[in-house]
Amino acid sequence: MTAIARLEIIPVREEQMSDQIAAAIDALDQFDISYELTPMDTVIEADDVNEIFDAAAAAHEAIDEDRIITSLEIDHQPDREQHTADRVAAVEHELGRTPQG
């Protein structure tokens, strides 16, 4: 993967928003990306940064609300193979919780 992103979509309304978040996540399945849903956002990995932009736009459009707040943060390193799991493992190693490997 050459790009890792953090996508946060907030449908602005007073009631539960899990149905709208589910619609956004469903839209991500149409793209050549991997993702992990967290309680606060979604972390995306892709070989092509444009795939992240397209997926984020589709997830945003999947929300059916009058007001939506979307944040997208991308770490794009085209000359480096990077994965979210490697980043987590490096921190775990520094904490002494797992051997580096």
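Which backbone oxygen lies 3.2 Å from a polar atom of the side chain of Gln82? The backbone oxygen of Asp75 does, and point 4 comes back to this pair.

1. Ground rules. This is a predicted model, in which local features need pLDDT of at least 70 and side-chain atom pairs count only at pLDDT 80 or more, while totals for chains, interfaces and linings use all residues. Residues are numbered from 1 along each chain as its sequence is written, and side-chain values use heavy atoms, with hydrogens and water left out.

2. Confidence and layout. The mean pLDDT (the predictor's confidence in each residue, from 0 to 100) is 94 for the protein chain, and 98% of its residues reach 70 or more. The protein chain holds three helices and four strands, in the order β-α-β-β-α-β-α along the sequence. Helices (H or I, at least four residues) and strands (E, at least two) are DSSP runs, numbered from the N terminus.

3. The chain as a whole. The C-alpha atoms fill a box of roughly 45 × 30 × 20 Å along the principal axes. Of the 101 residues, 28% are buried; buried means under 20% relative accessible area, exposed over 50%, and partly exposed in between (1.4 Å probe, protein chains only). Taking contact as heavy atoms within 4.5 Å, residues 24 or more positions apart account for 66% of the contacts with a separation of 6 or more. You will also find 6 positive and 25 negative side chains, with the centres of the two sets 8 Å apart. Here Lys and Arg count as positive and Asp and Glu as negative, without His and the chain ends; each charge is placed at NZ of Lys, CZ of Arg, CG of Asp or CD of Glu.

4. Gln82. This residue sits in the loop between β4 (68–76) and α3. Gln82 counts as buried because its relative accessibility is 1%. Besides the Asp75 backbone oxygen at 3.2 Å, the side chain of Gln82 has a polar contact of 3.2 Å with the side chain of Gln77. A polar contact is a pair of N or O atoms within 3.5 Å; within protein, one must be able to donate a hydrogen and the other to accept it, and residues adjacent in sequence count only if both atoms are side-chain atoms. Leaving aside neighbours within four places in sequence, Gln82 is in contact with residues including Met1, Thr2, Glu45 and Arg87.

5. Ala46 and Glu51. Ala46 belongs to strand β3 (residues 42–46) and is buried, with a relative accessible area of 0%. Not counting residues up to four places away in sequence, Ala46 touches Met1, Thr2, Ala3, Asp32, Ile33, Glu51 and Ile52. Its C-alpha is 6.6 Å from that of Ser34, 12 residues away along the chain. Glu51, in helix α2, has Phe31, Asp32, Ile33 and Ala46 as contacts once neighbours within four places are set aside. From Glu51 to Asp32 the C-alpha distance is 6.9 Å, across 19 residues of sequence.

6. Tyr35. The side chains of Tyr35 and Asp29 are joined by a polar contact of 2.7 Å. Beyond neighbours within four places in sequence, Tyr35 is in contact with Ile25, Leu28, Asp29, Thr42, Val43 and Ile44. Ile10, 25 residues apart from Tyr35 along the chain, is 17 Å away by C-alpha atoms.
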